[in-house]
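Me: Could you walk me through this protein with a few questions and answers? I'm new to this.

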Amino acid sequence: MSTEKEQRLREKLLPEIEEFKAQRSTLQLATQDADGVPNASYAPFALADDGFYILVSELARHGTNLKASNKLSVMLVADESESKSVFARKRLTFDATAEIVARDSETFTKGVAALSARFGEMIDNLAGLTDFNLFKLNPHHGLYVKGFGQAFSLSGAELLDVDWKRDGHHGTPKEPAEKA
């Protein structure tokens with residue numbers, strides 16, 4: 001695809017993707033335990049300028065899993081009632097790493113504030129409980145599916161690089177780039 005077409009695609013899709021993320025309150029999580037046993041769950045989230053934040057109890061299976069393995073898959077998906085077809089629901093999926101945020105850090109304050117702004121004082125109450133951990137999810141490869149034949153690969157630190165997937169939307173997940 002030419003650079004000009006890529007730029008037009010990016011200018012059209014990125015605001016649409018941002019709006020889609022803002023319309024969702026929860027994200028689906030695929031985590032695994034220390035033995036590699038998978039678990040599907042969900043968590044309310046807030047999006048800040050540096051990533052997705054979730055507040056999860058370590059008493060919950062996915063909370064334990066995130067501490068055991070920081071690799072996960074995440075999905076935001078349109079409600080079935082909003083979709084023309086259940087076979088082609090709009091969705092954003094991405095591979096990510098989960099980073100537990102230290103309670104005494106500025107990042108913790110920022111993440112809790114973002115969640116509080118979105119979900120109210122219940123977040124402040126939960127953040128005060130010692131079994132709840134704040135995780136920052138760092139996406140590194142994603143896929144935005146608008147419908148049949150409309151799948152777009154996303155990459156880059158903030159999933160801002162867009163590529164139209166003309167060969168279907170199944171593929172091999174990419175590993176995050178090594179940090180220098």
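Me: Is V86 buried or exposed?
Reply: Quick note: this is a predicted model, where local features need pLDDT of at least 70, side-chain atom pairs count only at pLDDT 80 or more, and totals for chains, interfaces and linings use all residues. Residues are numbered from 1 along each chain as its sequence is written, and side-chain values use heavy atoms, leaving out hydrogens and water. Buried means under 20% relative accessible area, exposed over 50%, and partly exposed in between (1.4 Å probe, protein chains only). V86 has 54% relative accessibility, so V86 is exposed.

Me: And S83, buried or exposed?
Reply: S83 sits in the loop between β5 and β6; strands here are DSSP runs (E, at least two residues), helices too (H or I, at least four), numbered from the N terminus. S83 touches A78 and R89, not counting residues up to four places away in sequence, where contact means heavy atoms within 4.5 Å. Its relative accessibility is 19%, so S83 counts as buried.
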